[in-house]
Amino acid sequence: MKKILNALFLTLLAVFTFSSCSDVPAPYDILGEGDLPGMTGDGTKENPYNIETAQKKQDGSIAWVQGYIVGCVDGEGKAIATESKFEAPFTIASNLLIADTPDETNYKNCVPVQLVGGSDVRTALNLKDNAANLGKVVMIYGSLEKYFGVAGLKSPTAAVLDGVEIGEGGSELPSGSLVEKLDATNPVNQVVNTFDEAEKDKDYLKEGYVNFAEVGGRTWRGKPHEGNGLIQATAYGSKQASVISWFVTPAVNVAQMEVKKVTFDCISAYYKEGTKLEVYFLEKNGNELNQTLLNVGNLPQSADGYSEPVTLTGDLTAIGDKVGFIGFKYIGSDEASGTYQIDNLYVGVEAGENPGPEQPGDGTELLTNGGFEDWAEGYPVNWKSASTASNATLEQSSDKRNGTYSVLVKGTNANKRLGSAEMTLKAGTYTFSAYFKAATNENASARLGYALVGTDGAIGGSDYKYDDYVNDITNKEWVTKSYTFTLETEQKICLVIMNPKNPGKDVLVDDASLKTTDGGIVGGDEPEQPKPSVGNLLVNPGFEEWGETLPTAWDNSKYNTGEITKETSFKHGGNNSLRQKSDDGTQKIQQEVAVKGGKKYRISYWFLDNDPKARSRYWFALVDGEGKTVNDLNSEIQQSAYSEDNPEWQQVKIEVTLPENVVKMRYEVRTYRGEDAKGTGGGYIYYDDMELVEIE
């Protein structure tokens, strides 16, 4: 059974300050004296429609509208012509009237806004309970369609009032493609998710999972169910001709699964013909996504209310030894507007079992440059050293499984081998694997192994250890081969990929890997990181220390994304800064830091934004002891407005007291494309002198 979690909400005093070398408007403080009447907007959050434009654009589209709260339709008859009220007290909480001027009293110059019962938007905006909202500027995200028989705004899901974001949705729609968002590294052998932490009507976000709106802007959102959580996708009220929403698990390694199947509970609600839920095994192949539809049985189709949960199962046996993802694809429209919910998801394990947290299916990765991305002097980096048997005839190839390159190993009659750099391994069991594909129409072969390195540095001799050949490799698809071996004592070895047995039958190799669950590299433990400066909890806050591609302690490539480079010409302090390039989607830099709940902290950093092709904002997050996100301070630590161009370095500074249950902070700053209509990328933001300090 799921556990019913009780949350204790604490009242917090948060102080927010933002200073820079120039005056910067507070979030959403974009209305000056007389600004509204002349601003028509384009319906985006950054440039919302004004009232006149919203009245004209009644096409059912979803957009942001901005205006002053001037009253509501406040009567039992709900007649806008006779029951519009523009002064307190108010008795109706189900609607608002917004206008281009704060003193408007003619309903014909207003847009009536529906406030849906039980929604966060209604709770925060209605004048019955919030009389002080009268006369305030508000931005609301909803459907442009008739309400009370006149041009209106219905089914709002998000709003901004006094710089505070209310509800969900209406923020940046997902950009890019699904395949770009999927990370196939570090696959797991099981996925267990009971969605207990899913929050009502909020986008379901969890590390490793992808929640993506392919068409129509609708994502999977949390819903309560029998005191616990589940997630759902729906097209109800969307007014969109098509809605496609994806929910995708972390990468899974089918070869490592004890139970090769996916099981989940499914609920249908208010089914309309044409509504679909499809389940796929998704295999990432470079920039392509191979989709295998899974047969999970008959889905429920309840047209009247909610169905009982139905347990569905898909067999993964036919998938073979592949790494991929389980993807749930919801398909709907304005007519096919039914709802599907999923709960109790089990992949690679029997339903109902709780084997603990997801673990890598085959242990810790030990191999560097297994994707053959980095090359030097005709060899992949880390695949040649002075004493290895790296005498195979090799070429760099753009015919790859992932990334940019693979390695082409030529076939010969001699035993020539591609060898890795030497490594000393501890006693333990290891799995060496790689993907292969024939370079021509002819079938090819190859084999995996390792060679012992003698005390004199000599390689191999009779000390080569091999698995059987991988035979009949075709040029149609990549196939994988794994070789598992056990070292009884500590040994110095190099990994070996044997060339094809025959000349002319060349083979491509990609995504090589060496993993272990009980061994490791001697001297290969994590290098000692530079210590935080006095008082500052961040490591390497000034980006002075760098690895091959990323600054030390900011080197998790999953969360430090896009083009990041060391900059020496433009810096705020020290010798370096970090330069990040804007591109499609959100580019991030992040470091996770242990903090103390109930304590007060100062968060600050410096940035330089003087490029119209790039913008920046901060997006810090808090995490509790169970790994769940704590959202109490989002309005203080997650910025709504974007940075503006300025030739001077600017500083962000925030002071907040953390909730008692917080144990970590995800210190994150983001880079976006420019604000022009097409969102031009290719610009740069510079960051320096980050700080996280506990204060009195």
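Visitor: Which residue of strand 17 does Tyr280 stand opposite?
Guide: In this predicted model, strand 16 covers residues 276-285 and strand 17 covers residues 288-293. The two strands run antiparallel and are joined by 6 bridges. Across this pairing, the residue of strand 17 that stands opposite Tyr280 is Leu293.

Visitor: Which residue takes a positive phi in the hairpin of strand 16 and strand 17?
Guide: This hairpin has 2 residues between its strands. A positive phi near 65° occurs there, and the residue that takes it is Gly286.

Visitor: What is the nearest side chain of opposite charge to Lys329, and how far away is it?
Guide: Lys329 is found in strand 19, which spans residues 323-332. The residue is buried and yet has no salt bridge. A salt bridge requires a nitrogen-to-oxygen approach within 4 Å, so the nearest side chain of opposite charge falls outside that limit: Glu278, 4.6 Å away.

Visitor: Which residues is Lys329 in contact with, leaving aside its neighbours within four places in sequence?
Guide: Some of these partners belong to the stretch of residues 276-285, which is strand 16. Among them are Lys276, Leu277, Glu278 and Tyr280. The complete set is Ile244, Ser245, Trp246, Lys276, Leu277, Glu278 and Tyr280.

Visitor: What percentage of the contacts in the chain with a separation of 6 or more is accounted for by residues 24 or more positions apart?
Guide: The chain has 696 residues, of which 50% are buried. Its secondary structure comes to 5 helices and 44 strands. Among contacts with a separation of 6 or more, the share of residues 24 or more positions apart is 75%.

Visitor: What share of the accessible surface belongs to carbon and sulfur atoms?
Guide: The accessible surface of the chain comes to about 31,800 Å². The part of this surface that belongs to carbon and sulfur atoms is 45%.

Visitor: Why does the aromatic pair of Tyr618 and Phe620 count as stacked?
Guide: The count of aromatic pairs in the model comes to 23. In the pair of Tyr618 and Phe620, the ring centres are 5.5 Å apart. Tyr618 is buried at a relative accessible area of 2%, and Phe620 is buried at 0%. Planes under 30 degrees apart count as stacked, and the pair therefore qualifies with an angle between the planes of 15°.

Visitor: Which residues form one aromatic cluster with Trp220?
Guide: The cluster includes Phe and Tyr residues as well as Trp220.

Visitor: How many residues apart in sequence are the parts tied together by the pair of Glu350 and Lys261?
Guide: The structure holds 16 salt bridges, and one of them joins the side chains of Glu350 and Lys261 at 3.1 Å, N to O. Glu350 lies in the loop between strand 20 and strand 21, whereas Lys261 lies in strand 15, so the pair ties together separate parts of the chain. Glu350 is partly exposed at 33% relative accessibility, and Lys261 is partly exposed at 22%. The parts tied together by this pair are 89 residues apart in sequence.

Visitor: Which residues are linked with Glu592 in a network of salt bridges?
Guide: Glu592 meets Lys664 in a salt bridge of 3.2 Å, N to O, a pair that links strand 37 to strand 43 across 72 residues. Glu592 also meets Arg666 at 3.0 Å, N to O; Arg666 lies in strand 43 and Glu592 in strand 37, so this pair ties together parts 74 residues apart. The residues linked with Glu592 in the network are Glu207, Lys664 and Arg666.

Visitor: How far apart in space are Thr586 and Arg670, C-alpha to C-alpha?
Guide: Thr586 has its place in the loop between strand 36 and strand 37, and it is partly exposed at 24% relative accessibility. In sequence, Thr586 and Arg670 are 84 residues apart. In space, their C-alpha to C-alpha separation is 6.6 Å.

Note on methods. Residues numbered from 1 in each chain as written. Predicted model: local features only at pLDDT ≥ 70, side-chain atom pairs only at ≥ 80, totals over all residues. Heavy atoms only, no water. Pairing = 2+ DSSP bridges. Helix = DSSP H or I, 4+ residues; strand = E, 2+ residues; numbered from the N terminus. Buried < 20%, exposed > 50% of the residue type's maximum accessible area, 1.4 Å probe, protein only. Lys, Arg positive; Asp, Glu negative; His and termini not counted. Contact = heavy atoms within 4.5 Å. Areas by Shrake-Rupley, 256 points an atom, 1.4 Å probe, with all protein chains shown as cover. Phe/Tyr/Trp six-rings, centres within 6.5 Å; stacked < 30°, edge-to-face > 60°.
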